[in-house]
Amino acid sequence: MSVLMVGGAAYAGNIAPVGDDPVVTVPPSSNPNSSALFDGFYVGASIGYAFEGDDRVGLRGNAPSFDIGTLSNDGGIADIHLGYRWRFDTYVVGVELGVEGGSVGSDTSGAGYNASMDLNNTVNLRLNMGRTLDERTLVYGFAGVARGDFDYAVSGTGAAGPVSISEDVTETGYVVGIGIERALSDQWSIRSEYQYGNFGKVELSDAAGNTTSATPDYHSIKVGVNFAF
């Protein structure tokens, strides 16, 4: 009887070893909300074309007021820009500072006078707001203030007599537009934008008292590249 009890006790105490817990591997999340894209500082450059300005040139002074024509303000355009973005889930908010220049300008004539406008440069500060469509695609809109520098001239001899208006115009206006950006990697992306710029109204005159109103504006479409850092 004693032998059986000892044997039984020995058997009961023989506890089987416990194996290690299985390792569970969690795959990387495919949720675009976890992405760090479109967040932080970036620099970039764009090129494109400006078109469809509606700068009507009139003349007032030594004769009844009349129109000379309309400046369409078209031509090649390019910019460089620096910005910062904050990402909140699928929403992205940012600020961007840019400088534009190019061959934007046009001329028109009528009633014995010629008028012309040429863009020197603009400086734009804008607010961007958008939303991601997927992990690598952002659509956005923007609006901001713009400071434009233009060469503006009206000259000739017609019903108002000799006219010679020529000034370097610097005027503050606004820019608005929409865009789409596609990330190629964690740092590089490409974007395409439509923008409208309007630079207000400024009165110009010559020594004879003839006056005109400069109202430069234009639409543009640009494509560009951004580098995030």
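Trainee: Let's start with one residue. In which strand is the place of Val 99?

Mentor: Val 99 is in strand E5. Labels like that come from DSSP runs, numbered from the N terminus: helices are H or I with at least four residues, strands are E with at least two. Before we go on, this is a predicted model, where local features need pLDDT of at least 70, side-chain atom pairs count only at pLDDT 80 or more, and totals for chains, interfaces and linings use all residues. Residues are numbered from 1 along each chain as its sequence is written, and side-chain values use heavy atoms, with hydrogens and water left out.

Trainee: How do I read strand pairing? In what sense do E4 and strand E5 pair?

Mentor: Two strands pair if DSSP finds at least two bridges between them. E4 and E5 (residues 91-102) are antiparallel, over twelve bridges, and Gly 83 has Glu 96 in E5 as its bridge partner. Their hairpin has two residues between the strands, and Asp 89 takes a positive phi near 60° there. E4 (residues 75-88) also pairs with strand E1 (residues 40-51), antiparallel over eleven bridges; in that pairing, Tyr 49 stands opposite Gly 76 in E4.

Trainee: What are the two faces of E11?

Mentor: In a regular strand the side chains alternate between the two faces of the sheet. In E11, Val 202 and Leu 204 form the covered face, while Glu 203 and Ser 205 form the uncovered one. E11 pairs with strand E12 (residues 211-214) in the antiparallel sense over four bridges, with Ser 205 partnered by Thr 211. In their hairpin, which has five residues between the strands, Gly 209 takes a positive phi near 90°.

Trainee: Now the inside. Which residues touch the most other members of the largest nonpolar core?

Mentor: A nonpolar core is a set of buried Ala, Val, Leu, Ile, Met, Phe, Trp, Tyr and Cys residues joined through side-chain atoms within 4.5 Å. The largest one has 26 residues, and Leu 59, Tyr 152 and Val 154 touch the most other members. Strands E2, E3, E7, E8, E9 and E11 each supply at least two residues of this core. There's also a second, separate core of seven residues, including Phe 38 and Phe 142.

Trainee: Which residues does Leu 59 touch?

Mentor: Contact means heavy atoms within 4.5 Å. Leaving aside residues up to four places away in sequence, the partners of Leu 59 include Phe 66, Ile 68, Val 154, Val 163 and Ile 165.

Trainee: How many salt bridges does the structure hold?

Mentor: Look for a side-chain nitrogen of Lys or Arg within 4 Å of a carboxyl oxygen of Asp or Glu. The structure holds ten such salt bridges. One of them joins Arg 85 and Glu 181 at 2.8 Å, N to O; the pair links strand E4 to strand E9, 96 residues apart. Arg 85 is buried at 9%, and Glu 181 is buried at 1%.

Trainee: Which residues are linked in a network of salt bridges?

Mentor: Glu 96, Arg 126, Arg 191 and Glu 193. Arg 126 and Glu 193 meet at 2.5 Å, N to O. Arg 126 lies in strand E7 and Glu 193 in strand E10 (residues 188-198), so this pair ties together parts 67 residues apart in sequence. Arg 191 bridges to Glu 193 too, with the closest N and O atoms 3.5 Å apart. Arg 126 is buried at 6%, Glu 193 at 4% and Arg 191 at 5%.

Technical notes:
Buried means under 20% relative accessible area, exposed over 50%, partly exposed in between (1.4 Å probe, protein chains only).
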